[in-house]
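I opened the file and kept notes as I went. The entries follow in the order I looked things up.

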Amino acid sequence: MDASVQKNPLGYEKLSRLLRTYAVPSVIAMLVSSLYNIVDQIFIGQGVGYLGNAATNVAYPLTTICLAIALLIGIGSASRFSLKLGAGQPDDAAQTVGTAVCMMVALGVLYVIIIEIFLNPLLHAFGATADVLPYAQEYTRITAVGMPLLILTNGMSNLARADGSPKYSMTCMLLGAVINTILDPIFIFVCKWGVAGAAAATVIGQLASCIMAVGYLRYFRHVRLTRHHFGLKPAICRKIASLGMSSSLNQVALTFVQIVINNSLIYYGAQSPYGSDIPLAACGIVMKTNAILLAIIIGISQGSQPIIGFNYGAQQYARVRGIYKLAISCNLVVSLVGFILFQFFPKPIIALFGTGDALYYEFAVHFMRIFLFMVLVNGVQLISSNFFSAIGKPVKGAVLSLTRQVIFLIPAVLLLPLFFGLDGILFAGPVADFAAFVATAILIALEFRKIHALEQAQQKTA
């Protein structure tokens, strides 16, 4: 065991303790991040009604794209940072941090400009109806201002976690969520600002989180940052983007899925007793409820990333296998709890997001039970795609990220309604989840064979 491994707990600490240390703050951070939209959805539902909920659903793809940019840089830079630390190359790790920060700023500013210029065409593409569009415009013009802040916060949180400060990462996200939760009811119910109030509360919370996250640049534990580390260095930018591609593509794919599902729900909903707006509002609630479960799973995945990356870089393959298996086991326990809640207690969950008539509750409960039926296994694909990024194999991670959303779900959403009508959209969820699970199991089995071969070769040369 070389000196860099001996000095870093990632190389020798008990795996279960490491995962708990890194994953728990990461899970809390991801839950807090998802709460921005959940809290808005709840208060808007109570203060504005289901049209307000439909508006946030229509606007949600813009947030998903923003998170895709944040993950592209955040996961990519954190993966490269961990690999370089594990290989004993601290200056390269520092270069990664400086380049990543410049990428976050540049892409964040570019993204908000694009939103402001093309807002109306984007909202129409995301499925805004005539009744929903005014609410969506009001909400999005404000939340767009916070998009660069969200990118910086998420990116720096991943780097802080990789540097061995998972609690700092968690606190950054927690600060903004607490502020958002306090301000939401004040702006919506007291000030009577409606969806604009919810948007303003979100941006103020994001600003607070961003200030704290950027402040970590002065406190890195394993590298010393200087001015020459900062800048858009093309070679490092490409490497960061390649390592973050799988996580980013998963978010981008979610955006396309949301667009396809929203427009399909409008089309087939108009041919049903529910109309167009009820399926659109119900979909937003089901997706964001599922986002809470996914936040926990992604938190576990992100918590395992620095452990996997460091040990793979240090050629400690038994620890790589061990932490992956431990992360998968935790995921299955969490997913089982989610399955029980979604199948047996859907109505109380949906009721949290505001009131509606009998048709609204009927469809929302039906949607949740069917669409999330295979939720027990869909986390395996998320953890596995991040695993490939953590070991420096972004192409495999990217392919795996596309299986559930693009390769299986979108075709199912387009084809199944031709035979089953509106219900076909709902059945597409479990069909895609199961198919992605099978594909993931095959790719992981092949990769573990290669890791075993590397381990055997290492033992022969020892």
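**Notebook: burial, helix packing, backbone and cysteines**

I started with Ser264, which is buried at a relative accessible area of 9%. The model is a predicted one, and I read everything below with that in mind. I located Ser264 in helix α10, residues 234–269. Then I listed what Ser264 touches beyond four places in sequence: Gly269, Val413 and Ile425.

**Entry: α10 and α16**

I turned to the packing of α10 on α16. I noted an angle of about 5° and axes 7 Å apart. The two helices are therefore roughly parallel to each other. I then sorted the contact residues of α10 with α16 by class: 20 are nonpolar, eight are polar and no charged residue takes part.

**Entry: α16 and α17**

Next I checked α16, residues 394–420, against α17. Their axes come within 7 Å and cross at roughly 155°. Angles over 145 degrees count as roughly antiparallel, so α16 is roughly antiparallel to α17. I recorded the crossing of α16 and α17 as right-handed. The contact of α16 with α17 has 18 nonpolar, four polar and six charged residues.

Is Arg449 buried or exposed? I found Arg449 exposed, with a relative accessible area of 64%.

**Entry: α7 and α9**

Helix α7, residues 147–162, packs on α9 at an angle of about 40°, and the axes are 8 Å apart. That makes α7 oblique to α9. I noted a left-handed crossing for α7 and α9. Which residues make the contact? From α7 I listed Leu149, Leu150, Leu152, Thr153 and Met156. From α9 I listed Val203, Gln206, Leu207, Ser209, Cys210, Ala213 and Val214. By class, the contact of α7 with α9 has nine nonpolar, three polar and no charged residues.

**Entry: two buried residues**

I picked Ser79 in helix α3, residues 50–86. Ser79 is buried, with a relative accessible area of 0%. What is Ser79 in contact with, leaving aside neighbours within four places in sequence? I found Leu243, Gln305, Ser389 and Ala390.

I went on to Ile349, which lies in helix α13, residues 346–351. Ile349 has a relative accessible area of 16% and is buried, since the cut-off for buried is under 20%. Not counting residues up to four places away in sequence, Ile349 touches Thr289, Leu341, Phe342 and Met368.

**Entry: positive phi**

I then checked the backbone. Most residues other than glycine have a negative phi. I found Lys192 with a phi near 60°, a positive value in a residue other than glycine. Lys192 is in the loop between α8 (166–190) and α9 (194–214). At 66% relative accessibility, Lys192 counts as exposed.

Gln315 is not a glycine, yet has a positive phi of about 60°. Where is Gln315? I placed Gln315 in the loop between α11 (277–313) and α12 (317–344). Gln315 is partly exposed, with a relative accessible area of 44%.

**Entry: cysteines**

How many disulfides does the structure hold? I counted zero disulfides. The cut-off for a disulfide is within 2.5 Å. I had already met Cys210 in the contact of α7 and α9.

I also looked up burial for two cysteines. Cys172 counts as buried at 1% relative accessibility. Cys283 counts as buried at 0%.

Conventions: Residues numbered from 1 in each chain as written. Predicted model: local features only at pLDDT ≥ 70, side-chain atom pairs only at ≥ 80, totals over all residues. Heavy atoms only, no water. Buried < 20%, exposed > 50% of the residue type's maximum accessible area, 1.4 Å probe, protein only. Helix = DSSP H or I, 4+ residues; strand = E, 2+ residues; numbered from the N terminus. Contact = heavy atoms within 4.5 Å. Axes fitted to C-alpha atoms, helices over the stretch in contact; angles between N-to-C directions. Parallel < 35°, antiparallel > 145°, perpendicular 65-115°, else oblique. Left-handed = near helix turned anticlockwise from the far one by under 90°. Nonpolar A, V, L, I, M, F, W, Y, C, P; charged D, E, K, R; others polar.
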